[in-house]
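Visitor: Could you walk me through this one slowly?
Guide: Gladly; let us look at it together.

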Amino acid sequence: MGAPSILIVHPDRKTQRTVQRILGTTGYRVDIADDLEQGVRLLAHLEPVLVVVDGTLAARSLRALFDAAAARGTAACMTLLGAQAGAQVPALLDLGAVTNLLVHPMPVLGEELTVTTQKLIRGDLFGADKYLLWGTELHETTLVRSTQRTELVGELAERVRARGQSARVASMAMLVADELISNAVHNAPVDERGVHYRKELPRDRELPLDERHRVRLRWGCDARYLAIEVTDWFGTLDQHAILNALARSDVRQAGSGAGMGLALTYRSCDQLVFNLAAGARTEIIALIDVRYPPSERTAVSSYNVFVERARTP
Amino acid sequence: MSTTSDSKSRLTVTPQGDALVLAGAIDETAGLHDLLARAQGGRLVLDLAGVTFINSLGVRDWIRMQAAAQQARLDVELRRVSEPLVHQLNMILAARGAARITSFFAPYACDACGREESLLVDTALYREQLSRIEPPPMACPECRSQMAFNDFPERYFSFVSGESV
(Lines give C-alpha, C1' and ligand atoms only; values in the text may rest on other atoms or scores of the structure.)
Protein backbone atom coordinates (compact mmCIF):
# COMPACT_ATOMS: atom_id res chain seq x y z
CA MET A 1 0.00 0.00 0.00
CA GLY A 2 1.37 3.41 -0.99
CA ALA A 3 1.54 6.57 1.13
CA PRO A 4 -1.72 8.53 1.50
CA SER A 5 -1.98 11.12 -1.22
CA ILE A 6 -4.29 13.49 -3.08
CA LEU A 7 -4.84 13.27 -6.84
CA ILE A 8 -5.65 16.34 -8.95
CA VAL A 9 -7.14 15.78 -12.42
CA HIS A 10 -7.28 19.07 -14.26
CA PRO A 11 -6.06 20.17 -17.72
CA ASP A 12 -5.22 23.76 -16.77
CA ARG A 13 -1.65 24.21 -15.54
CA LYS A 14 -2.35 27.36 -13.53
CA THR A 15 -5.24 25.67 -11.73
CA GLN A 16 -3.08 22.59 -11.14
CA ARG A 17 -0.38 24.69 -9.49
CA THR A 18 -2.81 26.74 -7.38
CA VAL A 19 -4.66 23.66 -6.17
CA GLN A 20 -1.37 21.84 -5.53
CA ARG A 21 -0.13 24.70 -3.32
CA ILE A 22 -3.38 24.82 -1.36
CA LEU A 23 -3.60 21.06 -0.87
CA GLY A 24 0.09 20.90 0.02
CA THR A 25 -0.92 22.41 3.36
CA THR A 26 -2.40 19.05 4.33
CA GLY A 27 1.04 17.41 4.36
CA TYR A 28 -0.12 14.73 1.90
CA ARG A 29 1.72 14.04 -1.34
CA VAL A 30 -0.14 15.63 -4.27
CA ASP A 31 -0.17 13.86 -7.66
CA ILE A 32 -1.34 15.57 -10.83
CA ALA A 33 -2.97 14.26 -14.00
CA ASP A 34 -3.71 16.40 -17.06
CA ASP A 35 -6.74 14.42 -18.15
CA LEU A 36 -9.11 11.67 -17.05
CA GLU A 37 -7.26 8.87 -18.86
CA GLN A 38 -4.04 9.78 -17.12
CA GLY A 39 -5.96 10.05 -13.85
CA VAL A 40 -7.38 6.54 -14.22
CA ARG A 41 -3.90 5.20 -15.08
CA LEU A 42 -2.39 6.84 -11.99
CA LEU A 43 -5.15 5.41 -9.83
CA ALA A 44 -3.89 1.92 -10.64
CA HIS A 45 -0.80 2.75 -8.55
CA LEU A 46 -2.18 5.18 -5.97
CA GLU A 47 -4.57 5.08 -3.05
CA PRO A 48 -5.55 8.73 -2.76
CA VAL A 49 -7.73 9.83 0.14
CA LEU A 50 -9.13 12.54 -2.08
CA VAL A 51 -9.50 13.11 -5.83
CA VAL A 52 -10.00 16.68 -7.07
CA VAL A 53 -11.33 16.85 -10.61
CA ASP A 54 -12.30 19.45 -13.21
CA GLY A 55 -16.10 19.44 -13.51
CA THR A 56 -16.12 20.46 -17.17
CA LEU A 57 -14.79 17.05 -18.20
CA ALA A 58 -17.41 14.87 -19.83
CA ALA A 59 -19.91 13.43 -17.36
CA ARG A 60 -19.58 9.81 -18.53
CA SER A 61 -15.78 9.91 -18.18
CA LEU A 62 -16.11 11.52 -14.76
CA ARG A 63 -18.17 8.58 -13.58
CA ALA A 64 -15.42 6.20 -14.78
CA LEU A 65 -12.89 8.16 -12.76
CA PHE A 66 -15.13 8.19 -9.67
CA ASP A 67 -15.63 4.42 -9.98
CA ALA A 68 -11.88 3.84 -10.34
CA ALA A 69 -11.19 6.02 -7.30
CA ALA A 70 -13.83 4.23 -5.22
CA ALA A 71 -12.25 0.90 -6.14
CA ARG A 72 -8.96 2.16 -4.71
CA GLY A 73 -10.64 3.15 -1.45
CA THR A 74 -10.79 6.91 -2.05
CA ALA A 75 -13.01 8.54 0.56
CA ALA A 76 -14.22 11.47 -1.53
CA CYS A 77 -14.12 13.12 -4.93
CA MET A 78 -14.29 16.89 -5.14
CA THR A 79 -15.36 18.59 -8.36
CA LEU A 80 -14.25 22.09 -9.34
CA LEU A 81 -16.07 24.42 -11.70
CA GLY A 82 -15.05 27.83 -12.96
CA ALA A 83 -17.54 30.65 -12.53
CA GLN A 84 -18.35 30.63 -16.25
CA ALA A 85 -19.15 26.92 -16.29
CA GLY A 86 -22.45 27.10 -14.40
CA ALA A 87 -24.29 25.39 -17.26
CA GLN A 88 -22.47 22.17 -16.30
CA VAL A 89 -24.16 21.96 -12.90
CA PRO A 90 -27.36 20.11 -13.97
CA ALA A 91 -25.29 17.41 -15.73
CA LEU A 92 -23.08 17.00 -12.68
CA LEU A 93 -26.11 16.75 -10.38
CA ASP A 94 -27.67 14.17 -12.70
CA LEU A 95 -24.61 11.96 -12.20
CA GLY A 96 -25.83 11.49 -8.62
CA ALA A 97 -22.24 10.92 -7.52
CA VAL A 98 -20.79 14.41 -7.16
CA THR A 99 -20.95 15.03 -3.43
CA ASN A 100 -18.73 18.11 -3.35
CA LEU A 101 -19.03 20.79 -5.99
CA LEU A 102 -17.02 23.98 -5.63
CA VAL A 103 -17.94 26.77 -8.05
CA HIS A 104 -15.48 29.60 -8.01
CA PRO A 105 -13.66 32.14 -10.17
CA MET A 106 -10.74 29.96 -11.21
CA PRO A 107 -8.04 29.27 -10.31
CA VAL A 108 -8.27 30.91 -6.87
CA LEU A 109 -10.40 28.90 -4.45
CA GLY A 110 -8.35 28.76 -1.28
CA GLU A 111 -10.95 29.04 1.50
CA GLU A 112 -13.56 26.61 0.24
CA LEU A 113 -11.01 24.14 -1.04
CA THR A 114 -9.04 24.07 2.21
CA VAL A 115 -12.06 23.63 4.48
CA THR A 116 -13.63 20.99 2.25
CA THR A 117 -10.38 19.06 1.99
CA GLN A 118 -9.65 19.16 5.71
CA LYS A 119 -13.16 17.99 6.55
CA LEU A 120 -12.88 15.09 4.12
CA ILE A 121 -9.44 14.02 5.31
CA ARG A 122 -10.00 14.42 9.03
CA GLY A 123 -13.60 13.21 9.11
CA ASP A 124 -14.37 16.15 11.42
CA LEU A 125 -17.53 17.41 9.73
CA PHE A 126 -19.76 19.39 12.02
CA GLY A 127 -19.92 23.10 12.85
CA ALA A 128 -20.32 26.34 10.91
CA ASP A 129 -17.30 27.72 12.77
CA LYS A 130 -15.07 25.88 10.26
CA TYR A 131 -16.20 28.32 7.58
CA LEU A 132 -15.78 31.51 9.61
CA LEU A 133 -12.72 33.39 10.76
CA TRP A 134 -11.31 32.38 14.12
CA GLY A 135 -13.05 34.26 16.92
CA THR A 136 -16.33 34.85 15.10
CA GLU A 137 -19.22 34.56 17.54
CA LEU A 138 -21.95 32.05 16.74
CA HIS A 139 -25.39 32.87 18.16
CA GLU A 140 -27.32 29.80 19.23
CA THR A 141 -31.04 29.24 19.81
CA THR A 142 -32.94 26.02 20.36
CA LEU A 143 -36.52 25.88 19.13
CA VAL A 144 -38.89 24.37 21.68
CA ARG A 145 -42.07 24.99 19.69
CA SER A 146 -42.63 25.06 15.95
CA THR A 147 -44.12 28.54 15.66
CA GLN A 148 -40.90 30.01 17.09
CA ARG A 149 -39.68 29.77 13.50
CA THR A 150 -41.33 33.03 12.41
CA GLU A 151 -40.06 34.93 15.47
CA LEU A 152 -36.52 33.64 15.04
CA VAL A 153 -36.42 34.37 11.34
CA GLY A 154 -37.61 37.95 11.91
CA GLU A 155 -35.14 38.42 14.74
CA LEU A 156 -32.30 37.05 12.60
CA ALA A 157 -33.06 39.58 9.85
CA GLU A 158 -33.10 42.45 12.36
CA ARG A 159 -29.78 41.42 13.88
CA VAL A 160 -28.17 40.97 10.47
CA ARG A 161 -29.34 44.45 9.45
CA ALA A 162 -28.13 45.86 12.77
CA ARG A 163 -24.63 44.65 11.85
CA GLY A 164 -24.66 46.85 8.78
CA GLN A 165 -25.56 44.18 6.24
CA SER A 166 -27.82 45.05 3.31
CA ALA A 167 -31.51 44.27 2.90
CA ARG A 168 -30.44 41.76 0.22
CA VAL A 169 -28.39 39.78 2.72
CA ALA A 170 -31.11 40.00 5.37
CA SER A 171 -33.79 38.73 3.00
CA MET A 172 -31.58 35.84 1.86
CA ALA A 173 -30.89 34.97 5.49
CA MET A 174 -34.61 34.95 6.27
CA LEU A 175 -35.44 32.65 3.38
CA VAL A 176 -32.61 30.23 4.14
CA ALA A 177 -33.32 30.06 7.89
CA ASP A 178 -37.07 29.68 7.37
CA GLU A 179 -36.71 26.83 4.89
CA LEU A 180 -34.06 24.96 6.88
CA ILE A 181 -35.95 25.23 10.18
CA SER A 182 -39.20 24.23 8.50
CA ASN A 183 -37.42 21.22 6.99
CA ALA A 184 -35.95 20.21 10.36
CA VAL A 185 -39.26 20.57 12.22
CA HIS A 186 -41.58 18.93 9.69
CA ASN A 187 -39.56 16.68 7.38
CA ALA A 188 -36.84 15.25 9.62
CA PRO A 189 -38.92 13.44 12.28
CA VAL A 190 -39.42 9.79 11.42
CA ASP A 191 -40.87 6.88 13.40
CA GLU A 192 -39.56 3.31 13.70
CA ARG A 193 -41.44 2.34 10.50
CA GLY A 194 -39.74 5.09 8.56
CA VAL A 195 -42.86 7.27 8.38
CA HIS A 196 -42.26 11.04 8.33
CA TYR A 197 -45.17 11.72 10.63
CA ARG A 198 -44.99 15.53 10.66
CA LYS A 199 -44.42 16.03 6.95
CA GLU A 200 -48.04 16.71 6.01
CA LEU A 201 -48.99 18.78 9.05
CA PRO A 202 -49.88 22.44 8.38
CA ARG A 203 -46.76 24.57 8.86
CA ASP A 204 -48.62 27.13 10.94
CA ARG A 205 -49.85 24.57 13.50
CA GLU A 206 -48.21 24.82 16.91
CA LEU A 207 -46.09 21.75 17.70
CA PRO A 208 -44.18 21.36 20.93
CA LEU A 209 -40.58 20.30 20.27
CA ASP A 210 -39.38 17.98 23.01
CA GLU A 211 -35.81 16.77 23.52
CA ARG A 212 -36.01 14.45 20.49
CA HIS A 213 -37.68 16.99 18.20
CA ARG A 214 -35.73 20.07 19.16
CA VAL A 215 -34.07 22.06 16.39
CA ARG A 216 -30.96 24.15 16.84
CA LEU A 217 -30.27 27.37 14.94
CA ARG A 218 -26.78 28.90 14.99
CA TRP A 219 -25.58 31.81 12.94
CA GLY A 220 -22.56 34.05 12.69
CA CYS A 221 -20.95 36.55 10.33
CA ASP A 222 -17.25 37.32 9.87
CA ALA A 223 -17.81 40.06 7.25
CA ARG A 224 -16.91 37.55 4.53
CA TYR A 225 -19.69 35.06 5.04
CA LEU A 226 -22.96 34.98 6.91
CA ALA A 227 -23.30 31.36 8.04
CA ILE A 228 -26.67 29.91 9.03
CA GLU A 229 -26.61 26.44 10.56
CA VAL A 230 -29.68 24.35 11.38
CA THR A 231 -29.50 20.96 13.12
CA ASP A 232 -32.05 18.24 13.78
CA TRP A 233 -31.38 15.09 15.80
CA PHE A 234 -33.05 12.50 13.58
CA GLY A 235 -30.41 12.28 10.85
CA THR A 236 -32.88 11.08 8.22
CA LEU A 237 -31.72 13.15 5.26
CA ASP A 238 -29.45 11.14 2.96
CA GLN A 239 -27.11 11.91 0.09
CA HIS A 240 -29.49 10.53 -2.54
CA ALA A 241 -32.40 12.70 -1.37
CA ILE A 242 -30.18 15.79 -1.25
CA LEU A 243 -28.77 15.39 -4.76
CA ASN A 244 -32.28 14.70 -6.08
CA ALA A 245 -33.62 17.84 -4.42
CA LEU A 246 -30.79 20.02 -5.75
CA ALA A 247 -31.17 18.58 -9.25
CA ARG A 248 -34.91 19.21 -9.51
CA SER A 249 -35.75 21.09 -12.67
CA ASP A 250 -39.48 21.40 -11.91
CA VAL A 251 -38.67 23.87 -9.14
CA ARG A 252 -37.46 26.22 -11.85
CA GLN A 253 -40.49 25.53 -14.04
CA ALA A 254 -43.34 25.34 -11.56
CA GLY A 255 -41.94 25.73 -8.08
CA SER A 256 -43.84 22.72 -6.93
CA GLY A 257 -43.58 19.68 -4.74
CA ALA A 258 -41.61 18.35 -1.83
CA GLY A 259 -37.96 19.23 -1.73
CA MET A 260 -38.67 22.71 -3.05
CA GLY A 261 -37.42 24.24 0.19
CA LEU A 262 -33.96 22.73 -0.20
CA ALA A 263 -33.79 23.68 -3.86
CA LEU A 264 -34.73 27.30 -3.09
CA THR A 265 -32.22 27.40 -0.25
CA TYR A 266 -29.47 26.19 -2.60
CA ARG A 267 -30.35 28.89 -5.12
CA SER A 268 -30.47 31.57 -2.40
CA CYS A 269 -27.02 31.10 -0.86
CA ASP A 270 -23.46 30.86 -2.16
CA GLN A 271 -22.54 27.52 -0.61
CA LEU A 272 -24.78 24.88 0.93
CA VAL A 273 -23.18 22.27 3.18
CA PHE A 274 -24.83 19.08 4.41
CA ASN A 275 -23.21 17.25 7.32
CA LEU A 276 -24.91 13.91 7.80
CA ALA A 277 -24.72 11.41 10.63
CA ALA A 278 -27.32 8.76 9.79
CA GLY A 279 -29.85 8.27 12.57
CA ALA A 280 -28.13 10.82 14.80
CA ARG A 281 -28.21 14.28 13.29
CA THR A 282 -28.44 16.36 10.15
CA GLU A 283 -26.66 19.69 10.10
CA ILE A 284 -27.17 22.04 7.16
CA ILE A 285 -25.05 25.16 6.78
CA ALA A 286 -25.87 27.90 4.28
CA LEU A 287 -23.14 30.41 3.53
CA ILE A 288 -24.07 33.79 2.09
CA ASP A 289 -21.16 35.81 0.71
CA VAL A 290 -21.50 39.34 2.13
CA ARG A 291 -18.35 40.89 0.66
CA TYR A 292 -18.44 43.92 -1.55
CA PRO A 293 -17.25 44.18 -4.22
CA PRO A 294 -18.41 40.62 -4.72
CA SER A 295 -15.21 39.46 -6.44
CA GLU A 296 -15.46 35.93 -5.05
CA ARG A 297 -19.16 35.49 -5.72
CA THR A 298 -20.47 33.48 -8.64
CA ALA A 299 -23.93 33.20 -10.16
CA VAL A 300 -23.89 29.47 -9.40
CA SER A 301 -23.67 28.06 -5.87
CA SER A 302 -21.35 25.43 -4.47
CA TYR A 303 -22.57 22.49 -2.42
CA ASN A 304 -21.02 19.83 -0.25
CA VAL A 305 -22.46 16.62 1.13
CA PHE A 306 -20.38 15.11 3.93
CA VAL A 307 -21.34 11.77 5.41
CA GLU A 308 -19.90 10.77 8.74
CA ARG A 309 -17.98 7.54 8.44
CA ALA A 310 -18.72 4.76 10.92
CA ARG A 311 -16.31 5.01 13.82
CA THR A 312 -14.18 1.97 14.51
CA PRO A 313 -14.39 0.96 18.16
CA MET B 1 -57.92 51.16 6.09
CA SER B 2 -55.66 48.24 6.80
CA THR B 3 -56.85 44.69 6.59
CA THR B 4 -55.24 41.30 6.82
CA SER B 5 -56.55 38.22 5.08
CA ASP B 6 -56.35 36.11 8.24
CA SER B 7 -55.73 36.70 11.93
CA LYS B 8 -52.54 34.59 11.71
CA SER B 9 -51.31 36.31 8.57
CA ARG B 10 -48.09 38.28 8.67
CA LEU B 11 -49.10 40.09 5.50
CA THR B 12 -51.06 43.31 5.56
CA VAL B 13 -53.14 44.46 2.61
CA THR B 14 -54.02 48.13 2.40
CA PRO B 15 -55.95 49.80 -0.46
CA GLN B 16 -54.18 52.93 -1.70
CA GLY B 17 -55.36 54.69 -4.87
CA ASP B 18 -55.85 52.05 -7.56
CA ALA B 19 -53.54 49.57 -5.87
CA LEU B 20 -53.51 47.11 -3.00
CA VAL B 21 -50.38 47.69 -0.93
CA LEU B 22 -48.94 44.44 0.43
CA ALA B 23 -46.49 44.55 3.33
CA GLY B 24 -44.82 41.91 5.46
CA ALA B 25 -44.28 38.20 4.84
CA ILE B 26 -45.81 35.97 2.18
CA ASP B 27 -45.81 32.53 3.76
CA GLU B 28 -48.22 29.71 4.57
CA THR B 29 -50.61 32.17 6.25
CA ALA B 30 -50.85 34.75 3.47
CA GLY B 31 -54.11 33.67 1.77
CA LEU B 32 -53.31 35.49 -1.47
CA HIS B 33 -56.32 34.04 -3.30
CA ASP B 34 -58.52 36.49 -1.38
CA LEU B 35 -56.88 39.36 -3.27
CA LEU B 36 -58.67 38.41 -6.48
CA ALA B 37 -62.04 39.43 -5.05
CA ARG B 38 -60.62 42.92 -4.58
CA ALA B 39 -59.82 43.48 -8.27
CA GLN B 40 -61.50 46.55 -9.77
CA GLY B 41 -62.83 46.66 -13.33
CA GLY B 42 -60.92 43.50 -14.27
CA ARG B 43 -57.64 44.97 -12.94
CA LEU B 44 -55.61 43.90 -9.96
CA VAL B 45 -52.77 46.27 -9.09
CA LEU B 46 -50.36 45.12 -6.37
CA ASP B 47 -47.79 47.40 -4.76
CA LEU B 48 -45.14 45.04 -3.41
CA ALA B 49 -42.47 47.37 -2.02
CA GLY B 50 -43.27 46.32 1.54
CA VAL B 51 -42.95 42.56 1.01
CA THR B 52 -39.90 41.65 3.06
CA PHE B 53 -40.02 37.87 2.83
CA ILE B 54 -41.48 35.01 0.81
CA ASN B 55 -40.84 31.33 1.54
CA SER B 56 -41.53 28.21 -0.53
CA LEU B 57 -45.09 27.89 0.77
CA GLY B 58 -45.67 31.56 0.00
CA VAL B 59 -44.35 30.98 -3.51
CA ARG B 60 -46.81 28.14 -3.96
CA ASP B 61 -49.65 30.40 -2.83
CA TRP B 62 -48.40 33.17 -5.14
CA ILE B 63 -48.33 30.82 -8.16
CA ARG B 64 -51.87 29.62 -7.41
CA MET B 65 -53.06 33.22 -7.12
CA GLN B 66 -51.43 34.09 -10.46
CA ALA B 67 -53.01 31.05 -12.14
CA ALA B 68 -56.45 31.90 -10.74
CA ALA B 69 -56.06 35.49 -11.95
CA GLN B 70 -55.23 34.26 -15.44
CA GLN B 71 -58.23 31.94 -15.40
CA ALA B 72 -60.46 34.84 -14.31
CA ARG B 73 -58.91 36.95 -17.12
CA LEU B 74 -57.76 39.58 -14.68
CA ASP B 75 -55.13 42.08 -15.77
CA VAL B 76 -52.51 41.87 -13.01
CA GLU B 77 -50.00 44.69 -12.59
CA LEU B 78 -47.07 44.42 -10.17
CA ARG B 79 -45.60 47.69 -8.96
CA ARG B 80 -42.47 48.38 -6.93
CA VAL B 81 -41.64 44.69 -6.63
CA SER B 82 -39.27 44.16 -3.69
CA GLU B 83 -35.97 42.25 -3.96
CA PRO B 84 -37.14 39.09 -2.16
CA LEU B 85 -39.97 38.75 -4.69
CA VAL B 86 -37.68 39.49 -7.63
CA HIS B 87 -35.45 36.60 -6.55
CA GLN B 88 -38.43 34.24 -6.61
CA LEU B 89 -39.63 35.57 -9.98
CA ASN B 90 -36.17 34.81 -11.33
CA MET B 91 -35.87 31.38 -9.77
CA ILE B 92 -39.35 30.10 -10.63
CA LEU B 93 -40.81 30.77 -14.06
CA ALA B 94 -44.39 30.02 -12.98
CA ALA B 95 -44.21 32.77 -10.36
CA ARG B 96 -44.22 35.35 -13.13
CA GLY B 97 -47.63 34.31 -14.44
CA ALA B 98 -49.04 36.77 -16.97
CA ALA B 99 -48.53 39.80 -14.74
CA ARG B 100 -47.14 43.09 -16.03
CA ILE B 101 -44.27 44.42 -13.99
CA THR B 102 -44.08 48.20 -14.12
CA SER B 103 -41.31 48.78 -11.58
CA PHE B 104 -39.08 46.85 -9.22
CA PHE B 105 -36.25 47.29 -6.74
CA ALA B 106 -32.67 46.30 -7.53
CA PRO B 107 -29.54 46.16 -5.36
CA TYR B 108 -26.83 48.77 -5.93
CA ALA B 109 -23.63 49.61 -4.06
CA CYS B 110 -21.49 52.72 -4.09
CA ASP B 111 -17.76 52.21 -4.60
CA ALA B 112 -17.08 55.72 -3.33
CA CYS B 113 -18.83 55.67 0.05
CA GLY B 114 -19.71 51.98 0.52
CA ARG B 115 -23.46 52.53 0.81
CA GLU B 116 -25.69 49.67 -0.31
CA GLU B 117 -29.20 50.51 -1.40
CA SER B 118 -32.23 48.95 -2.99
CA LEU B 119 -33.23 51.33 -5.81
CA LEU B 120 -36.43 51.54 -7.83
CA VAL B 121 -36.20 50.71 -11.53
CA ASP B 122 -38.98 51.82 -13.88
CA THR B 123 -39.36 49.10 -16.52
CA ALA B 124 -40.76 51.45 -19.18
CA LEU B 125 -38.06 54.07 -18.62
CA TYR B 126 -35.23 51.54 -18.84
CA ARG B 127 -36.82 49.10 -21.26
CA GLU B 128 -33.89 49.22 -23.70
CA GLN B 129 -31.20 48.55 -21.08
CA LEU B 130 -33.24 45.82 -19.43
CA SER B 131 -33.79 44.03 -22.74
CA ARG B 132 -29.99 43.91 -23.08
CA ILE B 133 -29.69 42.78 -19.45
CA GLU B 134 -27.78 45.94 -18.55
CA PRO B 135 -28.26 47.53 -15.13
CA PRO B 136 -29.75 51.04 -15.41
CA PRO B 137 -27.32 53.72 -14.22
CA MET B 138 -28.04 54.97 -10.71
CA ALA B 139 -26.56 57.71 -8.54
CA CYS B 140 -25.73 57.18 -4.88
CA PRO B 141 -28.40 58.85 -2.70
CA GLU B 142 -25.64 59.84 -0.25
CA CYS B 143 -22.62 61.03 -2.27
CA ARG B 144 -24.14 61.20 -5.79
CA SER B 145 -21.36 59.01 -7.24
CA GLN B 146 -22.26 56.45 -9.88
CA MET B 147 -23.36 53.23 -8.14
CA ALA B 148 -22.47 49.72 -9.23
CA PHE B 149 -25.05 47.01 -9.63
CA ASN B 150 -24.66 44.60 -6.72
CA ASP B 151 -25.77 41.27 -8.21
CA PHE B 152 -25.35 39.33 -11.43
CA PRO B 153 -27.30 41.19 -14.17
CA GLU B 154 -27.96 38.03 -16.20
CA ARG B 155 -29.54 36.48 -13.13
CA TYR B 156 -31.32 39.46 -11.59
CA PHE B 157 -32.92 40.92 -14.72
CA SER B 158 -33.97 37.68 -16.38
CA PHE B 159 -37.57 38.10 -15.15
CA VAL B 160 -38.02 41.35 -17.09
CA SER B 161 -35.84 40.52 -20.07
CA GLY B 162 -37.72 37.30 -20.78
CA GLU B 163 -34.45 35.42 -20.64
CA SER B 164 -34.14 32.17 -18.73
CA VAL B 165 -31.01 31.83 -16.62
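**Where the chains touch**

Visitor: How many residues does the contact take from chain A and from chain B?
Guide: The contact takes 24 residues from chain A and 28 residues from chain B, where two residues are in contact if their C-beta atoms, placed from the backbone, lie within 7 Å. This is a predicted model, in which local features need pLDDT of at least 70 and side-chain atom pairs count only at pLDDT 80 or more, while totals for chains, interfaces and linings use all residues. Residues are numbered from 1 along each chain as its sequence is written, and chains are lettered from A and ligands numbered from 1 in the order in which they are written.

Visitor: New topic: how many helices and strands does chain A have?
Guide: Chain A comes to 10 helices and 11 strands, and its C-alpha trace spans about 60 × 50 × 45 Å along its principal axes.

Visitor: And which residues of α2(A) meet α3(A)?
Guide: From α2(A), Leu36(A), Gly39(A), Val40(A) and Leu43(A) meet Ser61(A), Ala64(A), Leu65(A), Ala68(A) and Ala69(A) in α3(A).

Visitor: At what angle do the axes of those two helices cross?
Guide: The axes of α2 (residues 36-43) and α3 (residues 59-71) of chain A cross at roughly 10 degrees and come within 10 Å, the axes being lines fitted to C-alpha atoms over the stretch in contact, with angles running from 0 to 180 degrees between N-to-C directions. Therefore α2(A) and α3(A) are roughly parallel to each other, a term for angles under 35 degrees.

Conventions. Helices (H or I, at least four residues) and strands (E, at least two) are DSSP runs, numbered from the N terminus. Angles under 35 degrees count as roughly parallel, over 145 as roughly antiparallel, 65 to 115 as roughly perpendicular and the rest as oblique.
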